[in-house]
Amino acid sequence: MKALPLTLLAGALLAATAGAAQAQSASGPGFYGAIGYHYVNPKSGNGTLAGVFRSDINSDSEPTLTLGYNFDSNWSAEAWLPLTKFKHDVSLDGAKSASIKHMPYLFTAQYHFLPDSAFRPFIGAGYGFVNVSGERTTGPLTGTSLNVKSGDGFVGQFGVDYYATNNVFIRADARYFDWKSKVELNGAGIGEVKVNPWIYGVSMGYRF
């Protein structure tokens, strides 16, 4: 896990806003973008493979990009993706057996509360797609061919933006991604993994 870089980024963003002036009222429609660092934390116990083996997927964190558009002071839509692939180790009955990489693309519509405040909480919902690649086997699966299918599903989101100025903001947010993938070993289906991660992160953004 990469908790330390996430903690350092959060501290740096908070320090950057010390003494910043109170934000003015939200502006009208326009684009915004943000660079951040997010932590993908899959659920515990990701399913039973081949009818026998309990699978567990560990966590990872990577830099991320957010691009969005404000329709008015309350409503917006955005796309979120990592700048580098997330990588996770996969264990079967506690033994490391594989690793996978993936690129999730998450799209949400959001409603922002308190548009005239410096602190602007929001909620969102939408759709996510994830492209899985780079499957590697080790341990008890050494020498086999693993294929984890790409997946998609519902995305829920909540967070808060802090506007240090009318354009510069800091965001802390969390997303839930309802993601499941079918798994094949040597070309034969062996079950499904329910990844269903929570995704936590902080970002610094600019509203154009």
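Trainee: How many bridges join strand β1 to strand β14?

Mentor: Strands here are DSSP E runs of at least two residues, numbered from the N terminus, and two of them pair if DSSP finds at least two bridges between them. β1 covers residues 30-41 and β14 covers residues 198-207, and they run antiparallel. Gly33, for one, stands opposite Tyr206 in β14. The count of bridges joining β1 to β14 is 10.

By the way, this is a predicted model, where local features need pLDDT of at least 70 and side-chain atom pairs count only at pLDDT 80 or more, while totals for chains, interfaces and linings use all residues. Residues are numbered from 1 along each chain as its sequence is written, and side-chain values use heavy atoms, leaving out hydrogens and water.

Trainee: What is the bridge partner of Val168 in β14?

Mentor: Strand β11 (residues 168-177) also runs antiparallel to β14, joined by 9 bridges. Val168's partner in β14 is Tyr206.

Trainee: Which strands stand at the edges of the open sheet, each with a single partner strand?

Mentor: That sheet has 3 strands in the order β9-β12-β13, with antiparallel pairing. One side of each edge strand is left without a neighbour in the sheet, because each has a single partner strand: these are β9 (146-148) and β13 (188-194).

Trainee: In β12, what is the bridge partner of Val148?

Mentor: β9 and β12 (residues 180-185) run antiparallel, and 3 bridges join them. Val148's partner in β12 is Val183.

Note on methods:
Helices (H or I, at least four residues) and strands (E, at least two) are DSSP runs, numbered from the N terminus.
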